[in-house]
Amino acid sequence: MSMYEHGWLDVWGDSDAVRDLLFRGLFALITLMAAWGPLRELGSGGGWRSGTLGARAGDRLSSRAGRTTLGLLLAVSAGAFTAGVALWAALVLLAAGFHLLVVVYLSQEHSGYTTEEDDGTKTFHVHHHLHLLGMTLLAMVCTVGVLGPAGAAGPGTSHAAQALWGAIAAHYVVAAVAKVRKRGLRWPDRRLFPFYLTLFARYSAGDGQPLPERGPARALTLHPQWGVLLLWAALLLEFSTPVMLIGYGPRLVIAVSLVVFHLCCRWWLMVDFRENAMLAALAALPLPHDGHGLLAPESAAVPLAVAAACAAVSLILGDRVYPFSSLPMFTAPYRPATVISLRSPDGTVVHPAPAHLGSTTSALSRQYDAAAARNQVEAFLAELRDTAAARGTPLPGEAVLWREVVTVSPEGRVDISQTPLERHPGAGPSSSTAAD
């Protein structure tokens, strides 16, 4: 007899029940891991953006009592979902707690970034690493709620898995459409890898890391045409994700490809979507007990309809309402990018910014851009030195702040110009070098 007839404690005597339990447990674990960062960083400073939920309730929810309550809600509902106890109710509570946490977390001023459009206007975007998981939870609640029975762990687990596969397909198709809608078939641009790999390498160098002299990142910088092939492969992968709904074989290929895709983005482009990678890895497993086959014909219409609805709403609303998202990644114009680093007067020795200033080079560079836009560069430089003194890590006597400007030609050739921001008796002249 199965766990669905006796209870979840009898699970180990039923192989199908074990596979269902593994699916629910792994999904609950992914959700809790994704929630840990926002819980820890909630109310960590920077204030709330006006007009957001955080501006109205963020202070209460970011208190010790608020975070403890949210954490307990997530832990208890995740445990109930894993055990298959009141499955739909557990899903509703898990989704509600996670969505509330993430919406408030994304209300913080530092939970996003600004991109520049073709006409020079600035657009703020929230971080998107939690959107797929939020959409998956929403799709699970809708699919399991419609198909029911709400308390049956076996059928409910299968319906939840179908919702996961549909949400993944919807999320990546929308991502591909957003890129093509913004840049057309010119999105696979030979400038992308040389520009961003060089920019991120300069950020890392300012943090004390050595510049890469070999490896895939260096090769893509030197050979822009290779990057175009990879970008076409990534775009086609996103468009092909609905194929994973055909059966386990296509799903395995698509899901593993997505995991590799996100690992490469993390290693090369510093784009960390580990939550997406974990969900793709879960989809690659032959789980739950019927996860190796096709969508059940009698229930396939519901998860497909939910996925289609998620995709349509995402394309209409963009990223204005969580968890919907249609952010076109890497579609900003290739304008010169600034890197601020702390160096010796001649620019040859780097003093790591985190050790002396308590901030990464990329964060310093964004702060400089904001100060330059307000014509407050001198105040910015003075504030940095005051910050270092207040932290008890005064800057080395010979340290000078340098400004590097990274540009890229239409052919993918990168140029870096270097200029000291401060006067020093030993400061060297400005220079310009090609990255390759």
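Colleague: Are α2 and α4 roughly parallel or roughly antiparallel to each other?

Modeller: In this predicted model, the axes of helix α2 (residues 15-41) and helix α4 (residues 64-83) cross at roughly 170 degrees and come within 8 Å. Angles over 145 degrees count as roughly antiparallel. The two helices, α2 and α4, are therefore roughly antiparallel.

Colleague: By class, how many nonpolar residues does the contact of α2 with α4 have?

Modeller: On the α2 side, the contact is made by residues including Leu21, Phe27, Leu32 and Leu39, and on the α4 side by residues including Leu70, Leu74, Ala78 and Phe81. Arg24 and Arg40 of α2 and Arg67 of α4 also take part. By class, the contact of α2 with α4 has 3 charged and 3 polar residues, and its nonpolar residues number 12.

Colleague: Which word describes α10 relative to α11, oblique or antiparallel?

Modeller: Helix α10 (residues 224-240) packs with helix α11 (residues 248-269) at an angle of about 140 degrees, and their axes are 11 Å apart. That angle makes the orientation of α10 to α11 oblique.

Colleague: Is the crossing of α10 and α11 left-handed or right-handed, and how many charged residues does the contact have?

Modeller: The crossing of α10 and α11 is left-handed. From α10, Leu230, Ala234, Leu237, Glu238 and Ser240 meet Ile254, Ser257, Leu258, Phe261 and Trp268 of α11. By class, this contact of α10 with α11 has 7 nonpolar and 2 polar residues, and the charged count is 1.

Colleague: Why does His129 count as buried?

Modeller: His129 is found in the loop between β2 (122-126) and α6 (131-147). Leaving aside neighbours within four places in sequence, His129 is in contact with Tyr105, Asp272, Phe273, Glu275 and Asn276. Buried means under 20% relative accessible area. His129 counts as buried because its relative accessibility is 17%.

Colleague: Which residue does a cis peptide bond join to Tyr322?

Modeller: The residue in question is found in the loop between α13 and β3 (337-343). Omega of the bond is about 10 degrees, and the partner of Tyr322 is Pro323.

Colleague: What is omega for the cis peptide bond from Leu287 to Pro288?

Modeller: Pro288 is found in the loop between α12 (274-284) and α13 (301-317). The peptide bond from Leu287 to Pro288 is cis, with omega near -5 degrees.

Colleague: Is Phe330 buried or exposed?

Modeller: Phe330 is found in the loop between α13 and β3. Although Phe330 is not a glycine, its phi is positive, at about 55 degrees. With a relative accessible area of 19%, Phe330 is buried.

Colleague: Is Asn375 buried or exposed?

Modeller: Asn375 lies in the loop between α15 (361-373) and α16 (377-390). Phi of Asn375 is near 60 degrees, a positive value in a residue other than glycine. Exposed means over 50% relative accessible area. At a relative accessible area of 72%, Asn375 is exposed.

Colleague: Of the accessible surface of the protein, what percentage belongs to carbon and sulfur atoms?

Modeller: The protein has 16 helices and 7 strands, and buried residues make up 50% of its 436 residues. Its accessible surface comes to about 19,600 Å², and the part that belongs to carbon and sulfur atoms is 63%.

Colleague: Among contacts in the protein with a separation of 6 or more, what percentage comes from residues 24 or more positions apart?

Modeller: Contact here means heavy atoms within 4.5 Å. Of the contacts with a separation of 6 or more, the share from residues 24 or more positions apart is 72%.

Conventions: Residues numbered from 1 in each chain as written. Predicted model: local features only at pLDDT ≥ 70, side-chain atom pairs only at ≥ 80, totals over all residues. Heavy atoms only, no water. Axes fitted to C-alpha atoms, helices over the stretch in contact; angles between N-to-C directions. Helix = DSSP H or I, 4+ residues; strand = E, 2+ residues; numbered from the N terminus. Parallel < 35°, antiparallel > 145°, perpendicular 65-115°, else oblique. Left-handed = near helix turned anticlockwise from the far one by under 90°. Nonpolar A, V, L, I, M, F, W, Y, C, P; charged D, E, K, R; others polar. Buried < 20%, exposed > 50% of the residue type's maximum accessible area, 1.4 Å probe, protein only. Areas by Shrake-Rupley, 256 points an atom, 1.4 Å probe, with all protein chains shown as cover.
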